[in-house]
Amino acid sequence: MKHINNLKISIQTLIIGLSLAAGNVIAQTLPLASNLIGFDTTEGETLLISSKSKNDFFPLSMQFVTQDNLAYCGVASIVMVLNSLKIPAPETPEYRQFKVFTQDNFFNNPKTQQVITKEKVARSGMSLQQLGRLLASYDGVKIKVYHAGNSSLQEFRKLAAENLKQPGNFVLVNYLRKEIGQERGGHISPLAAYNEATDRFLILDVSRYKYPPVWVKSADLYKAMNTGDSSSGKTRGFVFVSKK
């Protein structure tokens with residue numbers, strides 16, 4: 001029995017490694033603060049294996065991308081989620097007849113351009129509300145936006161953990177990096193798992209040239225979301241995404 005359990009863990013670890021390796025992970029990242037656990041560590045992998053709330057990990061891993069520029073964290077996160085949900089994608093000339101969402105073709109949708117232009121996003125990123133509206137600009141997508149100032153740690157933990165147990169829906173978080181000990185401004189990435197024993201969420205960080213995916217305490221992440229965004233005058237927060 002012990003041999004079988006060890007084999008299961010080895011297979012799971014191999015799958016995890018293959019999923020992330022497929023996304024051209026860049027190794028020369030910044031050091032992590034002591035309150036964070038890198039996914040690219042033995043402890044980080046163990047947290048995923050022991051998690052009971054990780055339904056989003058594998059579909060997101062298959063679509064994992066690095067943001068194309070310093071302001072495209074929201075666009076990269078949206079593209080990952082839309083592809084994971086299998087929302088009908090626009091044509092992609094570089095892939096001929098195959099259709100997939102990319103950071104280049106995401107703004108081809110006229111409804112998307114009405115929310116905010118790609119030029120504005122490239123200069124200054126996007127707010128939480130714009131993140132939700134951009135997702136909803138594609139037919140068949142259902143979103144719910146939560147500003148942290150109108151929520152609570154307990155609500156966030158409960159709703160996000162429950163979401164991560166279910167297939168077919170995803171969580172994007174908008175948070176201030178410096179509040180979790182990183183460099184340093186506002187950022188957007190998907191959540192991939194929740195570890196119940198340690199009360200940590202796994203952030204699949206789309207700025208993979210800067211940081212690996214990290215496990216962060218739910219209280220620290222909520223504090224980082226409950227910060228003011230000067231562009232909107234509201235707090236940051238989280239967005240739930242699913243098909244209608």
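Contact here means heavy atoms within 4.5 Å. By that criterion, and not counting residues up to four places away in sequence, Leu-135 touches Ile-78, Leu-82, Val-141, Ile-143, Leu-172, Val-239 and Val-241. This is a predicted model, in which local features need pLDDT of at least 70 and side-chain atom pairs count only at pLDDT 80 or more, while totals for chains, interfaces and linings use all residues. Residues are numbered from 1 along each chain as its sequence is written, and side-chain values use heavy atoms, with hydrogens and water left out.

Leu-135 also belongs to the largest nonpolar core, which has 43 residues and in which Leu-82, Phe-106, Leu-131 and Leu-135 touch the most other members. A nonpolar core is a set of buried Ala, Val, Leu, Ile, Met, Phe, Trp, Tyr and Cys residues joined through side-chain atoms within 4.5 Å; buried means under 20% relative accessible area, exposed over 50%, and partly exposed in between, for a 1.4 Å probe and protein chains only. Among the elements that give two or more residues to this core are helix 4 (73-85), helix 7 (128-136) and strand 9 (237-243), where helices (H or I, at least four residues) and strands (E, at least two) are DSSP runs numbered from the N terminus. Helix 4 supplies the largest share of this core, nine residues. Apart from this core lies another, of 24 residues, which includes Tyr-146, Val-173, Leu-191 and Val-216.

How do two of these helices meet? Helix 4 and helix 7 pack at an angle of about 35 degrees with their axes 11 Å apart, the axes being lines fitted to C-alpha atoms, for helices over the stretch in contact, and angles running from 0 to 180 degrees between N-to-C directions. On the side of helix 4, Gly-74, Ile-78 and Leu-82 meet Leu-131, Leu-134 and Leu-135 in helix 7.

In helix 9 (residues 218-225), the buried residues are Ser-218, Leu-221, Tyr-222, Ala-224 and Met-225. Seen down the axis of helix 9, these residues fall within an arc of 160 degrees, so they line one face of the helix; the arc is that of the directions from the helix axis to the C-beta atoms.

The loops deserve a look as well. Ser-207, in the loop between strand 5 (200-203) and strand 6 (214-217), is buried, with a relative accessible area of 2%. Leaving aside neighbours within four places in sequence, Ser-207 is in contact with Gln-67, Arg-177 and His-187. Arg-96, in the loop between helix 4 and helix 5 (110-115), is exposed at 72% relative accessible area.
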